[in-house]
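Dear colleague,

Please find below the structure that I am handing over to you. My findings follow it.

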Amino acid sequence: MTRKIISIENLSSKVKTAKKQGKKIVHCHGVFDLLHIGHIKHFSEAKSHGDILVVTVTPDEYVNKGPNRPAFTTELRLEALAALESIDFVAKNVWSTAVETIKLIKPDIYFKGPDYKDNKDDVTGMISEESRAIESVGGEIMYSTDIAFSSSSILNRYSDLYSEEQKSFISSIRKELAPEDVKIVLEGLKDLKVLVIGETIIDQYVFCEALGKSGKEPVLVLRDLNTENYLGGAAAIVNHLSDFCSSITLISALGELGEHEDFIKANLAKNIRFEFINKTNSPTIVKKRFVEHITNSKTLGVYSINDETLSGKDEKKLLSIILKEIKKHDLVIITDYGHGLISEKVAKEIVKHSPYTTLNAQINAANSSYHTMDKYEKVECVIINESELRHEFRNKDGDLDDLMKALSQNLKATNVVVSRGNRG
């Protein structure tokens, strides 16, 4: 079984050799989180169209299917697929989509489920790009004829992912809105011009092996294994928005020396414009977490940050950029992490000139003793976590509805959205 699990580079080599021998290659790609009868029938039909069936798997870091997903790690999903007789080789993908994979391995057939046959039904838009990729290497796309099954639907329906209150709420939405209604709303976002203002953060994860207690001191000793960097803060938000909106602009700050600038620009989606100022006497914000690699438990956090307010010169430059850009956009999203980027003066100018303002202000370890939302007024929409709302009013046990109404009155906000962690 394990001989079937190979690297993407090795897979490309094996496909090339097999094609020289006159073999026909069929390629399937997906998450395959919960292996079920639908997958088995899908792979069996795929194999019937060629001589060798290869499967590539979306790795954990690119699975965006909701909380607690994927249910199984990349390695476990690879093992499950390798156990199927119909599959000849399986590999972990190194990209977020199959487009580059198709161009690399050059299969004869790219095989997808029947739910992708009408490309318009694919909300991600990736099936069109995959179709172009397979055509560019001289192959063709084919679709299975059997019934479509969804791992996500099965997991969502039969798992304990949601509380009874959440299930009731989701059920009520299903009764009022058809999938087509949701799709129309999402498609309506494409033409929205969005401006995001906030701190860019590098989320750095240092995966470690716990060695034990130090021999001389009461200190946990870790051995670092590998480090992964991700875009966080406002940069993460614009990347999420890039899937829905065609035109997005990010206004943010980097460190005085522009550390990580190349990484940030390289990892922003192509449809994102950006304007950065360099904050005097400050590094680019990096939030480093040391993570035990087996349990993925965070053991320690170290922040590289200067959260003092902007200098007069930097504030003037930031305001100049904001006032130039704000009139070009339909919606302004403020992501205020309390690290000194948005002063009271800047906040008032944003709200004053913005056509529609959404505010997301967050508390964290670096700002929990002083960060507040009262520098904003007359925002159309406020998004806040329940613990942040209670922090805002220094109220631990008060009625949530009353606190939401009070926040709405204080900020003269039309809409208040409170997220409640695992309670929805």
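Axes here are lines fitted to C-alpha atoms, for helices over the stretch in contact, and angles run from 0 to 180 degrees between N-to-C directions. Contact means heavy atoms within 4.5 Å. Helices (H or I, at least four residues) and strands (E, at least two) are DSSP runs numbered from the N terminus, and two strands pair if DSSP finds at least two bridges between them. The model is predicted, so local features need pLDDT of at least 70 and side-chain atom pairs pLDDT 80 or more, whereas totals for chains, interfaces and linings use all residues. Residues are numbered from 1 along each chain as its sequence is written, and side-chain values use heavy atoms, without hydrogens and water.

Seven strands form an open sheet with parallel pairing, in the order E11-E10-E7-E14-E15-E16-E17. E11 and E17 (415-419) are the edge strands, each with a single partner strand, so one side of each has no neighbour in the sheet. From one strand to the next, the twist averages 15°.

Within this sheet, E10 (residues 247-255) and E11 (residues 272-279) are joined by eight bridges; Leu250 has Phe274 as its bridge partner in E11. Five bridges link E7 (residues 193-198) to E14 (residues 331-336), where Val194 is partnered by Leu331. Helix H11 (residues 312-326) lies across E7, E10, E11 and E14, at about 165° to E11.

In helix H3 (residues 74-82), Thr74, Arg77, Leu78, Leu81 and Ala82 are buried (under 20% relative accessible area, 1.4 Å probe, protein chains only).

Yours sincerely

Key. Buried < 20%, exposed > 50% of the residue type's maximum accessible area, 1.4 Å probe, protein only.
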